[in-house]
Amino acid sequence: MKLPAGPTTNPKLQMFQWVSSPLKYMETNRKRFGDVFTARFGEKFSLVLFSDPQAIREILSADARTFDSGRANGILLPLVGSESMLLLDGDRHKQQRKLMMPPFHGDRMQTYATTIEKITQEVMDSWQVGKPFSVRAATQNITMKMILNVVFGLSEGARYENVRQLMTTVLDMTGSPLGSGSLFFGGLQRDLGPWSPWGRFVRRKAQLDELLFAEIRERRAALDENRTDILTLLLCARDENGEAMSDLELRDELLTLLLAGHETTATALAWALYWIHKLPDVRQKLREELASLGKNPDPMAIVKAPYLNAICQETLRIYPVALITFPRIVKSSFSVMGHHFGPDVLLAPCIYLTHHREDLYPEPKQFKPERFLERQYSPYEFYAFGGGNRRCLGQALALYEMKLAIAKIVSRLDLVLPDDRPIKPVRRGVTLAPSGRLRLVVTAHL
Ligand code: HEM
């Protein structure tokens, strides 16, 4: 079947460009081919990218049975395992999603407020006046502690500390711009002993698995059904045959939440802090809004604050953490804006390109939270969290965490960027993050 036009350069070269400079790759091809083009990453691996909101609507609002997605996420297999919700399709995916939804529902967020504020404060206490700190490391610390708390209901103890450290190491290995290559190019996944890059990854990952299995075994043996954390919820769950989840299924879902639940939010929070301190007007307006809420405002008042909300949306518009949604694999046939596709074609709404359309977002390279106050964008014009039956499970948690952490940091500390050089986005695994050079320094406590 003939796919829409796209670059005809060697697929390996296209894959290299997609991994090493994804924004350039997308923007160049959007200029050449328009709102839809086919990226060719291998002999049998093509991805049709869309950026027109009409096409996005047609894809994201299609019946859930139209597409598979899980089997296109194999790139994440070494990190999360084959039983992860990210890799499942059909009924099993639906069932797992339904099971894990309640703790991420908007209503539950209020129970997390005190923990988010406590964790943010702990991390802030480690920043010394006059000493620059790495923003990504700090935000990663906040979101990792938070997700461990939501998933396991614990935040102290040796095992927790070890899980935290191993998780960070494993992610750093696949997250560096170079390390990302090992996820995309399967040939680099060769265990050539404990000192080889993939060998190190495999060994650290095995240690992490062991800790998770140990926690699962202990919790299963002494199950306390009154706990509200996700591990307890999953341990109590039974399928239609009355079967409990196996240790392997549990490990993969825990890893999924730990991975999906902290890396993305850490990146978004780091970008938000960058823009707030890069643009004095933005910080000023935010401070005025926060001050208007009074001393020690109710967390819900913070979450509803319009300008803070606009900052979070603009942060996720300009550099959406995920460049594309999960690919949608056509199961039998599907048409988008007059293009017809048969079985096994991969379609991908391109979040980055839609978010950079001049007709929707004038001066798209400028950070302007006001645009979200002046106009209501549809879920097909702004979709940093994807949509349809694969929509991000943690959207409410991510925004809640971002807002409470930003409010606390900005209203308690004066921070500056140590230099004026712009921070460029770089690939980190399957996400787009600020380069490791991003630092902030505390100049005063307020
Ligand atoms: C700013 C932070 C975040 C961003 C930008 C983000 C973005 C996304 C995107 C784009 C998808 C794919 C959606 C699609 O293909 O339609 C996704 C899926 C997912 N996200 Fe997030 N995410 C964030 C935070 C979180 C958090 C905090 C969690 C918590 C556990 C989480 C858990 C998941 C899960 C489990 C899926 C897979 C859903 C499925 O397969 O049905 N994410 N996320």
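A: An oxygen atom of the ligand lies 3.0 Å from a polar backbone atom of Gly-387, a polar contact being a pair of N or O atoms within 3.5 Å, where within protein one must be able to donate a hydrogen and the other to accept it, and residues adjacent in sequence count only if both atoms are side-chain atoms. The elements that give two or more residues to the shell around the ligand are α5 (90-100) and α12 (247-278), and α12 gives the most, with 6 residues; helices here are DSSP runs of H or I with at least four residues, strands are runs of E with at least two, and both are numbered from the N terminus.

The model is predicted, so local features need pLDDT of at least 70 and side-chain atom pairs count only at pLDDT 80 or more, while totals for chains, interfaces and linings use all residues. Residues are numbered from 1 along each chain as its sequence is written, and side-chain values use heavy atoms, with hydrogens and water left out.

Of the 27 residues around the ligand, His-93, Arg-97, Phe-326, Arg-328 and Cys-392 come nearest, where a residue is near if one of its heavy atoms lies within 4 Å of the molecule. A polar side-chain atom of His-93 is 2.7 Å from an oxygen atom of the ligand, and a polar backbone atom of Phe-326 lies 2.9 Å from an oxygen atom of the ligand. By residue type, the shell divides into 14 nonpolar, 9 polar and 4 charged; Ala, Val, Leu, Ile, Met, Phe, Trp, Tyr, Cys and Pro count as nonpolar, Asp, Glu, Lys and Arg as charged, and the others, Gly among them, as polar.

Cys-392 deserves a separate look. The iron atom of the ligand has a single donor from the protein, the SG atom of Cys-392, 2.3 Å away; donors are N, O and S atoms within 2.8 Å of the metal (3.2 Å for Na, K and Ca), and since water is not among the atoms, sites may look incomplete. An unreviewed UniProt entry annotates Cys-392 as "binding site", although such annotations may be inferred rather than shown by experiment. Cys-392 sits in the loop between α17 (371-374) and α18 (395-412), and is partly exposed, with a relative accessible area of 31%, that is, between buried (under 20%) and exposed (over 50%), with a 1.4 Å probe and protein chains only.
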